[in-house]
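I opened the file today to look up a few local features and write down what I found.

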Amino acid sequence: MSTVSSSTADPRPPRQVAVVDIGSTSIRMQISQINTDGSIEKVESLSFGVSIGKDTFAVGAISKKTIEECVRVLKLYQEKLREYGITDPREIRVVATSGVRDASNGLAFLDRVYIATGLQIEPFNEAELHRVTYLGIQPFFQAYPEIFSGRTIVCEVGGGTTEALVLEKEDVTYSRSFRLGSIRLRKALDAYDAPVAKTSRLLESQVNHYVHQIFAMGGNKPARYVAMGGEIRFLTNQLHRTFREGQLAEITIQELKEFTEGVLAQSPERLVTRFHINQAEAESLGPALYAHLAIATMFQSETIYVANVNLRDGLIKEIAQGYSWSESVQSQVIRSAERLGEKYQIDSTHATHVAFLGCQIFDQLQDFLQLDSRHKLILHLASLLHEVGQFVNVRSYHKHSMYLIRNSEFFGIDSNDLLLVSLVARYHRRATPQPMHEGYAQLDREQRVLVAKLSAILRIAIALDVTRTLRIQAIQCSVSKNQILIRVNNPSELAIEHAEIEKASQMLEDLFGVQVVLVNTRHE
Amino acid sequence: MSKPQKNESRFINRELSWIEFNRRVLEQAMNPDVPLLERVKFLAITASNLDEFFMVRVGSLLYAIKNNRNSVDPAGLSPTKQLEAIRDQILEFNELQESCLRDQLDPALAAEGIVRLSAEHLTEDRLSHLREIYEEQIKSTFSPIAISNVGDTPVLKGARLCLCARIRSNKENSADSFASFVRADEGQSIDGNAYERFVLIPLPVSLDRVVFLPSELGVEYIFIEEIAGLFLHELFPGEELLEWTTLRVTRNADFELDDDADDFLSEMKQFIDTRERSHCVRLRVAESTSDTMLNLLINALEIDKRNVYRASGPLDLSSLFSISGLSQFQDLRSADWPAVSVAELQKSPEFFDEIGRNDVMLLHPYQSFDPVVWFLEVAAADPQVIAIKQTLYRTSRNSRIVKALAAAAENGKHVTVIVELKARFDEERNLDWAEYLESAGVDVVYGVAGLKVHAKLAIVVRREVTGIRRYVHFGTGNYNESTASLYSDVSLLTSDPQLGIDAVHAFNAITGLSTPQDMEKLRIAPLNLRQTLVDLIQNEVQNAKAGGTAFIAAKFNSLVDPGIIDELYQASQAGVKIRLNVRGICCLRPGVPGLSDNIEVISVIDRFLEHSRILHFHHGGDNKVFITSADWMGRNLDRRVELLVPVQDEICKQALINCLDVYFSGNVNVWRIEQDGTHTRIEPGNAPAVRPQQVLYETICEKQESQRALSSLVFQPIRRKD
């Protein structure tokens, strides 16, 4: 999802929206209704088994047959969308996860689908997945405070990857993606043609490495384990019979162990007839459960909490919020940025204060500068991280900042937004944006303007704390004919700041043709 | 009978149990307490039931033997043993049918002025009248077929009456004979010029079997084959009619269609065609048929001697429906019970608002089926409706429901209909409907490969001010306005959001739009309906073992599935009280000490065909009540798409619990099923008579009456409009 193109939704009559999730083993569609009060109601769910993951993780590319099957399914889904009159592209989101993203012909797939159906598919990266996962489990914090009172590991085992989040109470401390997936594991089993008796041992050798990495990420300490994903939901449904959406159910590690062993002892074909599931689901059932079992065992979590939420729920929630992020998700993203800053040993007091000043300017000049409130987070993150490049070298550090930000594991921000953050940070000093600059060149016009505006604000915010003493706190910005006045009430002489503002405001002047003037009301 | 011995199965054979059911129907034909024309109807029903039994069940057993599939059934009988037992029972049954007509109904009907004439006793007047009919209506429809011991088997379509004549012929004369041009050269030479030949004369279905004659006192009628017999010799001038007889063949209808075929529609058409020419499973001939003629027929039709049944009376007693339907004898029929209309539901634009407020349950045929038709008729015209989804298994000839669906599509709604082309004996009609609906723009799905869609489900999707809302009709009976006035069934109209989502998910799964999605309330066969039943039964077992109250009351048409029966046996042994109301086949042995002491089974045969399927589990006091389209048979639980629908509304729930109770308290037209699968009619004795169907009807009438009285207490002043 791109930040630029967003808008805040006005309250309006109930409307139906849809999310299509092109996953490794199936294409699923969720149609939901967003009520006038903002609450969300499910209207219809559809699912169709496809072998995208099998193709991608075994051969590296999606076969022509699979592509055509996907097109056929999406056309059926479109018919359903027409039934509900869902035609506005803003009310339909089609996302593709690792099965498509990691395929060598992933782009060709997107094109084929677009030509056949007109549907724009967004390839979804890990960070977005983590953000949406967090959105999904968030409602449980209130409902089950005791479970989320300490450290919790949340893992979703998918076809190609396992997404892991470490929560400290309700905050995400780490989030990462591991190449541990049920289809990859099934492929390994098939490759070795492992007899049933040796299945577990073979899986153990495949899974071990990642489980240790996840354990390290979780601080090498026991923790509560929250499991997500189709297979573990299926198991819970088998045990609990009525496992409703939005519920958090408990299963014991013993139950998981017994069921997993039972499933691994049977051929997928047998599972198809026994459980009425499709072949792809049957193939991934055992390996996925095994991965959960291994992780839960590592964290010594006797009870496994299974969250009955999925990617689609989170995406629908984002549509409902008019594509703007909730406060809590924003604060998770900011915390994630702060941790990155700490890692690169920046002057965090200064950085935080620059962010504070930048956000004041943003809020007060939002209308004049024609900025969307969602862009504020980009500015905030760039403010926090603009100096990380000094960790590499003080010379041209703004370029290092850009590189580091762009290539860091970052909770909840998609790659496009991450590029915007890195560019705003890069242009906080020295050269203004040039068309040939790396990264900047790939932006469209609207995004280029956005980067320029935000960098210009960031420069002024930095200038205001040039002394790094935090002596300027509250500011009042106003716009007169051809001036932007920044009023402060400060006992000190602000000669350095005056001089700095004069230099820093050049970029804003170039953009809007207005001069920026700092006024200390105390000394008028 | 005590607990089955080691060599005795704990199951009753399903075919023999079915014959027992048909015996109960026959008992109603012999019941002097039943109005006369209703008795005639019951006799006709036993005959048409038997036809289907031979076509499907006997057909499948013969097919099994032919294909060397000799595995024994749960009762321990091989197909051959089953056929032997069936034959014994059917021979006895046929005699009972014949004596019922000859000794009871014919005399009683004659006493009321409805006289069946026989060819032997006719006045000159009558004879000349019959000749007129023969000359004008019958003769021209004949197309005789010559048969012989050798050569091709003549194609005699199943379920049609046919005459067979044995003729002595002289070569010189035969060329003039009306029937000889067909295959006159294939006769059997007797001596020199004289030889014998056989001719088949199928009676066309276009002719009514029963011919009524004007009568001063009442009604006189005669069967058409008797008229034909009177003048048959005239078909063969110059030849001698040695003998003639009537016969009727029944052909196998139990074969599966290849539903993977590329062109399913044409495959289906071919399938129907094949059935009319399939293997012959029964031959009925008149008692008087000579061995010579019978042997010829046996050879020509390639039928086993053991599948031949002689009849001492008229063949095909299902024709008696024409007599039971005589309009002028109202007093010989049960009093009319007009269907009660439900006050809350009117055919108006507010129709859905009422369902939106409360679930509405209808007990048909006591309550009118109209609201179910309106459900679709109102939806078709309602601008707020965006989509309609419906299953059609069997529907009536002039279906208003189908017309409403077509109208809805023409009005721009998204209409999807699953027309089950595999509904046995309704294939042709369903094909026509499917084509009609398609031409109106309906998205028609022709069932599911390998499964029959038996679920009764209609969904109306509306876009309202508050958003999308779904209205669902769940039923135990077909969307057939005609049978809805004859079959006892339950309809549930609801707007429960979860049932709505579940219903849509079920529908999407059936139409192949999606793999089955989680359903919170609804259960669907073949996915999880069986398991849910097992869970519910086992839950009662646990409660019984824990010393709590535990019982199951259920009503359906057939109980065959060995797995479910074993669950019930175990429940009985754990102390769960089980009361079953099974109209037809019951393979469970009730009341066997140590096996099924706590199981009681009753069966009701009355004016309405018992067809509703209602389940009640005590469930620790929660009282879980369901309606369902599924019988407790393997085919329903594993090879059909069926639904199990929870009834949650307390008023509806209580009404169904009461309904089940009424049946179990009944002592008129109620039978108790015994350990050996036979039955005993329950007699009121000194207790007040309780006829369940009548009690149910009267209760509904009283309720309507009291509602009307209540509403009349509210005065509605009439004011001038401003």
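This is a predicted model: local features need pLDDT of at least 70, side-chain atom pairs count only at pLDDT 80 or more; totals for chains, interfaces and linings use all residues.

**Entry: helix 14 of chain A**
I began with helix 14 of chain A, residues 348–369. A straight helix of 22 residues would span 32 Å, but I found that helix 14 spans only 28 Å between its end C-alpha atoms. I then looked for a bend and found a kink of about 45 degrees, centred on A:D363. I noted the buried residues of this helix, among them A:A351, A:V354, A:L357, A:I361 and A:L365. Their cover includes helix 13, helix 15 and helix 18 of chain A, and it also includes strand 12 and strand 13 of chain A. Just after helix 14, I found A:Q370 with a positive phi of about 55 degrees.

**Entry: strand 4 of chain A**
Is strand 4 of chain A mostly covered or mostly open? I found five of its five residues, 92–96, buried. I next looked up its partners. Strand 1 runs parallel to strand 4 and is joined to it by five bridges, with A:V20 opposite A:V94. Strand 5 also pairs with strand 4 in the parallel sense, over three bridges. There I found A:E122 as the bridge partner of A:V95.

**Entry: contact between chains A and B**
I noted 19 residues from chain A and 16 residues from chain B in the contact. On the chain A side, strand 3 and helix 2 each give two or more residues. Strand 3 gives the largest share, nine residues. I sorted the chain A side into five nonpolar, nine polar and five charged residues.

**Entry: positive phi in loops**
A:Q345 is not a glycine, yet I found a positive phi of about 55 degrees there. A:Q345 lies in the loop between helix 13 and helix 14 of chain A. I counted 11 other C-beta atoms within 10 Å of A:Q345, so I put this residue down as exposed. A:L470, in the loop between helix 18 and strand 12 of chain A, has a positive phi near 60 degrees. With 15 other C-beta atoms within 10 Å, A:L470 is partly exposed.

**Entry: cis peptide bonds in chain B**
I found a cis peptide bond between B:H364 and B:P365, with omega about 0 degrees. B:P365 sits in the loop between strand 11 and helix 11 of chain B. The bond from B:A525 to B:P526 is also cis, with omega near 5 degrees. I placed B:P526 in the loop between strand 19 and helix 15 of chain B.

Technical notes. Residues are numbered from 1 along each chain as its sequence is written. Chains are lettered from A and ligands numbered from 1 in the order in which they are written. Helices (H or I, at least four residues) and strands (E, at least two) are DSSP runs, numbered from the N terminus. The expected span of a helix is 1.5 Å times one less than its number of residues. The bend at a residue is the angle between axes fitted to the seven residues ending there and the seven starting there. A residue is buried if 20 or more other C-beta atoms lie within 10 Å of its own, exposed if 12 or fewer, and partly exposed in between; C-beta atoms are placed from the backbone. Two residues are in contact if their C-beta atoms, placed from the backbone, lie within 7 Å. Ala, Val, Leu, Ile, Met, Phe, Trp, Tyr, Cys and Pro count as nonpolar, Asp, Glu, Lys and Arg as charged, and the others, Gly among them, as polar. Two strands pair if DSSP finds at least two bridges between them.
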